[in-house]
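Good morning, colleagues. Please keep the sequence and the structure in view while I speak.

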Amino acid sequence: GRQEGALFINGTGTNLPTGLLTPTIAATADASRAFGTVEFVGTGVSGAFPAANPSDILLTLASKVKARYRSNARWVMNKAVLFTIAAFKDSGGRYIFNPISAPDVPSTLLNYPVTEAEDMPALGASTYSVLFGDFKRAYTIVDRIGTRIIRDPFSNKPYIGFYTVKRVGGKVINS
């Protein structure tokens, strides 16, 4: 599961799933962006959020997603970025991150659910540390049914080893 998670974020597409961060990424709006290119919103500060009104960048990012995709959208980021953003406040002084500790209720950021993905990059220059979108419509995972188990009684005598193989794929299909 950990390997799959890493590949669904950073997979190269060569004998691996194509990750969410693998397609061409450009700061080009929908009307002029080529199909397959994913839009990004820069913070204006290398490797960080701006000191004044940092939550405005997240609002800008959320506003770039069309309404039909925003209804099922979610945030994806690693834990360190999430806790950096958790300190952001809106203009009324309220925290924009809402950690819910009830079962089956996700934590929210600007009223959209948050998914922690440890394979997302940390804040840094030229990194894409926060994703926002409807990933059920944007990304497809192909999971071949069944896991192959190969028994190996020869490599590590007197023990018997087992190798498991599962074939999966993934790709951004709606940029």
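Valine 76 stands opposite leucine 131 in strand E7. The model is a predicted one, and this residue pair belongs to the pairing of E3 with E7, which is antiparallel and has three bridges. On the strand E3 side, residues 74-77 also pair with strand E6, residues 112-116, here in the parallel sense and again over three bridges. In that pairing, tryptophan 75 faces valine 114 of E6.

I turn now to E5 and E6. These two strands run antiparallel and are joined by two bridges. Leucine 109 is opposite tyrosine 112 of E6. The hairpin that E5 and E6 form has two residues between the strands, and leucine 110 adopts a positive phi near 55 degrees there.

Strand E5 spans residues 108-109 and includes threonine 108. Is threonine 108 buried or exposed? Its relative accessible area is 16%, and because the cut-off for burial is under 20%, threonine 108 counts as buried. Beyond its neighbours within four places in sequence, threonine 108 is in contact with Ile96, Phe97, Asn98, Pro113 and Val114. One of these, valine 114, is the residue that stands opposite tryptophan 75.

Threonine 84 sits in helix H4, residues 79-85, and is partly exposed at a relative accessible area of 33%. Between threonine 84 and leucine 123 there are 39 residues of separation in sequence, while their C-alpha atoms are 9.4 Å apart in space.

Next, the charged side chains. How many salt bridges does a search of the whole structure find? The search returns six. One of them joins glutamate 39 to lysine 64, with the closest N and O atoms 3.6 Å apart. This pair links distant parts of the chain: glutamate 39 is in strand E2 (residues 38-39), and lysine 64 is in the loop between H2 and helix H3 (67-70), 25 residues apart. Lysine 64 is partly exposed, at 40% relative accessible area. Glutamate 39 and lysine 64 also take part in a network of salt bridges that links them with Asp30 and Arg33.

Arginine 94 and aspartate 90 meet in another salt bridge, at 3.0 Å from N to O. Arginine 94 is exposed, with a relative accessible area of 54%, whereas aspartate 90 is partly exposed at 26%.

A further salt bridge is formed by lysine 166 and aspartate 143, whose closest N and O atoms are 3.5 Å apart. Lysine 166 lies in the loop between E10 and strand E11 (168-172) and aspartate 143 in strand E8 (residues 139-143), so the pair ties together parts 23 residues apart in sequence. Both partners are partly exposed: lysine 166 at 40% and aspartate 143 at 41%.

Finally, the nonpolar surface. Ile149, Ile160 and Phe162 make a nonpolar surface patch of about 320 Å². Isoleucine 160 is located in the loop between strand E9 (148-152) and strand E10 (161-165), and with a relative accessibility of 42% isoleucine 160 is partly exposed.

Key: Residues numbered from 1 in each chain as written. Predicted model: local features only at pLDDT ≥ 70, side-chain atom pairs only at ≥ 80, totals over all residues. Heavy atoms only, no water. Helix = DSSP H or I, 4+ residues; strand = E, 2+ residues; numbered from the N terminus. Buried < 20%, exposed > 50% of the residue type's maximum accessible area, 1.4 Å probe, protein only. Contact = heavy atoms within 4.5 Å. Pairing = 2+ DSSP bridges. Patch = residues over 30% accessible without salt bridge, like charges linked within 9 Å, V, L, I, M, F, W, Y side chains within 5 Å. Areas by Shrake-Rupley, 256 points an atom, 1.4 Å probe, with all protein chains shown as cover. Salt bridge = Lys/Arg side-chain N within 4 Å of Asp/Glu carboxyl O.
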